[in-house]
Amino acid sequence: MLWLSTNHRNKSFFDISTMKLHHLNAAKGKKICGSSAGWLIMVDKTSHIISLIKPFNTAKIIQLKPSFFTKTKQPFHVHKVILSSDPELDPFYFSVLAISGEKRQLAYYNARTQTWTLLHAAGSSYDDLISHNGKFYAVDEYGKICQIDYSNLSVRVVFDRWFFGGNKVYLVCKDGQLLVIFRYLKENPYFRYETYNFQVFMLNLEEQKYSRIGKFPEFAIFLGQNHSTWLAADDTKGVIGDSIYFTDDHHSNGLEHSVIDSHDAGLYDMEYSRVVPLQCCNRDRLLHVCSRPIWIMSDNIDR
């Protein structure tokens, strides 16, 4: 099941397959900072503790104690958080990776030892994270990709041959292959910025090569503050192939998002190189949004 959070004050969720709205009441005082493996990831605005919440069973809440602020004495402006695995399957051995702070550095959480570690060796300016084949992968704003090993927290650059492209970079794992997606923004006189283009590339890490993908009619890509992923095309579930579904995740250095910061969401049609509004993402609805939309799926690990 695929959901889009329209994030009203009571955190509403819109199911694009049934066109129905649902509500979540367990998010008061928290800010959404990710979704992964079917969990909604939120940070408490006062305690800075990150919580994992099952959106469809709010009795299931996991707190990642202690807070990152308690460990490092640094403000924890959280841009994005993902999981290594579903905590229900690995309650003591799952890991968490976050993009945090004004420099957008990587922070790692070990559920077994309940410790946060700032990965200084990885550098800064990160845009996206995924979990793939037992390891984390992170891409910075220039397209450099690092691999983080869960077992020893070693950081290794696995791809560093990109020229700068676009305004935001994402990673997706498709059938064991890494895809890199560049997102392009332009100025908008009313909403400051808007997405107008995407480019998709498939990586060959062994040969350090990449090839551009122009079409992918058999699946769709979902990007935003969620664990970046893909789904097979399925008209009955509202998933249109050869498309990129995207939500607004423009960097704000940890500051509260304004109302208009939620406007940049829609569907990018690869065949016709155009942005198509989603029915649940019209501007009239978004004028009442107080935080950003986010995609939530029940299974997005190692996709």
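## A lysine over two rings

K174 lies over the face of W230, 4.4 Å from the ring centre. K174 also lies over the face of F219, at 4.9 Å from the ring centre. These positions come from a predicted model.

## The protein as a whole

The protein has 25 strands and two helices. It contains 303 residues, and 56% of them are buried. Take the contacts between residues at least 6 apart in sequence: 49% of these join residues at least 24 apart.

The accessible surface of the protein is about 13600 Å². Carbon and sulfur atoms account for 49% of that surface.

## Aromatic pairs

How many aromatic pairs does a search of the whole structure find? The search finds 14. One of them joins Y109 and W116. This pair is tilted, with 50 degrees between the planes and 5.0 Å centre to centre.

Are Y109 and W116 buried or exposed? Y109 has 2% relative accessibility, so Y109 counts as buried. W116 is also at 2% relative accessibility and therefore counts as buried.

## A pair between two strands

F182 and F201 form an edge-to-face pair. F182 lies in strand β17, residues 177-188, and F201 lies in strand β18, residues 192-204. The pair therefore ties together parts that are 19 residues apart in sequence.

Both F182 and F201 are buried. They also belong to a cluster: ring pairs link F159, F182, F201 and Y210.

Note on methods:
Residues numbered from 1 in each chain as written. Predicted model: local features only at pLDDT ≥ 70, side-chain atom pairs only at ≥ 80, totals over all residues. Heavy atoms only, no water. Helix = DSSP H or I, 4+ residues; strand = E, 2+ residues; numbered from the N terminus. Buried < 20%, exposed > 50% of the residue type's maximum accessible area, 1.4 Å probe, protein only. Contact = heavy atoms within 4.5 Å. Areas by Shrake-Rupley, 256 points an atom, 1.4 Å probe, with all protein chains shown as cover. Phe/Tyr/Trp six-rings, centres within 6.5 Å; stacked < 30°, edge-to-face > 60°. Lys NZ or Arg CZ within 6 Å of the ring centre and 35° of its normal.
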